[in-house]
Amino acid sequence: MNKKIMWCSIALILVLAGALAYVMSYAWEDVIVDATDSGGRVVFLDNDSQGTFTLGGTYADFRGNRVFSNSVSSIDTGIGGSSTFTTSWKMGGKNELGSAKTAVFTLTVWDPAGVPHSITRESREVSSGTLSVSFSPHEPGEGRFLLTSTIYESRMNFSTLFFR
């Protein structure tokens, strides 16, 4: 009889632990710690000039919970071929022990028709790189670009368990 009680107790503990883990998975949410953006305009001229254009840079710092983004105000290019738009990104400051922060860097360039061309990079550690998008616009006109930097942190929010 004692073995039967022991096995029932173990099964009950496992079921309760599984139910608790399931419920706790819904209590995590991503919170924006800091976010910034900067951008400008891109003028697509009716000529064959094209090339690679550096639009600016973005930076995120986990220690200071800060993000920075700076950019040029305007770029002129042609529609005769593919143009490439780049920005550098850098992630500084290590994640603290037990922290669940993520830095997200995005470069979006809109062509004259308003079609977005975008790339995003996520980082959880000290690193750096380049974001790049290339496309060939079909008509002259004015487009725009936007560089964004955001720090997200996953946090436990128990109120989401009870007030959904």
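A salt bridge is a side-chain nitrogen of Lys or Arg within 4 Å of a carboxyl oxygen of Asp or Glu. The legends below describe a predicted model, in which a search of the whole structure finds two salt bridges.

**View A. The salt bridge between Arg-66 and Asp-61.** The closest N and O atoms of Arg-66 and Asp-61 are 3.3 Å apart, so the pair falls within the 4 Å limit. Arg-66 is partly exposed, with a relative accessibility of 42%. Asp-61, by contrast, has a relative accessible area of 9% and is buried, because buried means under 20%.

**View B. The salt bridge between Arg-41 and Glu-142.** These two side chains meet with an N to O distance of 2.9 Å. The pair links distant parts of the chain: Arg-41 lies in strand 1 (residues 28-45) and Glu-142 in strand 9 (residues 141-156), 101 residues apart. Arg-41 is partly exposed at 36% relative accessibility, and Glu-142 is partly exposed at 48%. Side chains of opposite charge can pair when their charged atoms come close.

View C. The strands follow the order 3-2-5-8, and their pairing is mixed. Strand 3 (66-71) and strand 8 (127-135) are the edge strands, each pairing on one side only. From one strand to the next, the twist averages 15°.

**View D. The pairing of strand 2 with strand 5.** Strand 2 (residues 52-61) and strand 5 (residues 83-92) run parallel and are joined by nine bridges. Thr-52 has Thr-84 in strand 5 as its bridge partner. Strands of a sheet pair through backbone hydrogen bonds, either parallel or antiparallel.

Notes. Residues are numbered from 1 along each chain as its sequence is written. This is a predicted model: local features need pLDDT of at least 70, side-chain atom pairs count only at pLDDT 80 or more; totals for chains, interfaces and linings use all residues. Side-chain values use heavy atoms; hydrogens and water are left out. Helices (H or I, at least four residues) and strands (E, at least two) are DSSP runs, numbered from the N terminus. Buried means under 20% relative accessible area, exposed over 50%, partly exposed in between (1.4 Å probe, protein chains only). Two strands pair if DSSP finds at least two bridges between them. Axes are lines fitted to C-alpha atoms, for helices over the stretch in contact, and angles run from 0 to 180 degrees between N-to-C directions.
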